[in-house]
Amino acid sequence: MEKHILGLELPTDPRWVNIAEKSIEDILVDHAYCEQKAASSCISLIVKFPDKRELVEMLTPVVAEEWGHFERVIEELTKRGFGLGKQRKDEYVLQLSKLEKKGGSREQQLVEKLLINALIEARSCERFRLLWKHIEDESLQKFYYELMVSEAGHYKNFLQLAKTYLPDEYVMKRWKEILKGEADILANLEVRGDRMH
Ligand SMILES: [Fe+2]
Ligand SMILES: [Fe+2]
């Protein structure tokens, strides 16, 4: 789990957590929008695939959890006298969405989306772990620890759902390809302390 957390191919640059701590307002604002996007993404899966019963059942409570995370980030901002502020361009998610293969069956398209979501959860989990371990602020340590655990659960949810709709072998093959694609994206992305990714 130390180096290759949840199958991720490239560990986060260790410089990230140090610079992130110095720009806590920016990190919290960016984080709030990550939670919002996580909730929105589950909602759009539910409305796009209302016929997929397991998906609707599994993701409905996740929407509430992600929104709960959003609320808690807002609390952390408020405590520090900061506001939400505008959403910043999310280069990471933008590039990740390009890994999504177009075409194929409806199930294949669904699995693409589920795997991209699983990946974002895995990477977030890895970053929360770093923040939990290295940040000095004790209340934030506790907060990031809880988020790490929660996002690890979501990662499992998404992978499990993918395997509900297509064979394990297909899903794992695509998962490995997507993991590789993400490592390439991350390797070429600037390390920024004002972004979660
Ligand atoms: Fe979350
Ligand atoms: Fe999540």
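**Figure 1. Left-handed crossing of α2 and α3 in the predicted model.** Helix α2 spans residues 24-48 and helix α3 residues 53-79. Their axes come within 8 Å and cross at roughly 160°. Angles over 145 degrees count as roughly antiparallel, and α2 and α3 are therefore roughly antiparallel to each other. The residues of this contact comprise 18 nonpolar, four polar and four charged.

**Figure 2. Contact of α2 with α5.** The axes of α2 and helix α5 (residues 106-134) come within 12 Å, with a crossing angle of roughly 160°. This makes α2 roughly antiparallel to α5. The crossing of α2 with α5 is left-handed. On α2 the contact is made by H31, E35, S41, L45 and K48; α5 contributes R106, L110, K113, L114, N117 and F128. By class, four residues of the contact between α2 and α5 are nonpolar, three are polar and four are charged.

**Figure 3. Stacked aromatic pair W67 and F70.** The model has five aromatic pairs. One of them joins W67 and F70, with ring centres 4.2 Å apart and 15° between the planes. Both residues lie in helix α3, three residues apart, so about one helical turn separates W67 from F70. W67 is partly exposed, at 40% relative accessible area, whereas F70 counts as buried, at 11%.

**Figure 4. Tilted aromatic pair F143 and Y144.** The ring centres of F143 and Y144 are 5.6 Å apart and the planes are at 35°, so the pair is classed as tilted. F143 and Y144 are both buried. Together with F128, F143 and Y144 form one aromatic cluster. F128 is also one of the α5 residues in the contact with α2.

Terms used: Residues are numbered from 1 along each chain as its sequence is written. Chains are lettered from A and ligands numbered from 1 in the order in which they are written. This is a predicted model: local features need pLDDT of at least 70, side-chain atom pairs count only at pLDDT 80 or more; totals for chains, interfaces and linings use all residues. Side-chain values use heavy atoms; hydrogens and water are left out. Axes are lines fitted to C-alpha atoms, for helices over the stretch in contact, and angles run from 0 to 180 degrees between N-to-C directions. Helices (H or I, at least four residues) and strands (E, at least two) are DSSP runs, numbered from the N terminus. Angles under 35 degrees count as roughly parallel, over 145 as roughly antiparallel, 65 to 115 as roughly perpendicular and the rest as oblique. A crossing is left-handed if the near helix is turned anticlockwise from the far one by less than a right angle, and right-handed if clockwise. Ala, Val, Leu, Ile, Met, Phe, Trp, Tyr, Cys and Pro count as nonpolar, Asp, Glu, Lys and Arg as charged, and the others, Gly among them, as polar. Contact means heavy atoms within 4.5 Å. Rings of Phe, Tyr and Trp (its six-membered ring) pair if their centres lie within 6.5 Å; planes under 30 degrees apart count as stacked, over 60 as edge-to-face and the rest as tilted. Buried means under 20% relative accessible area, exposed over 50%, partly exposed in between (1.4 Å probe, protein chains only).
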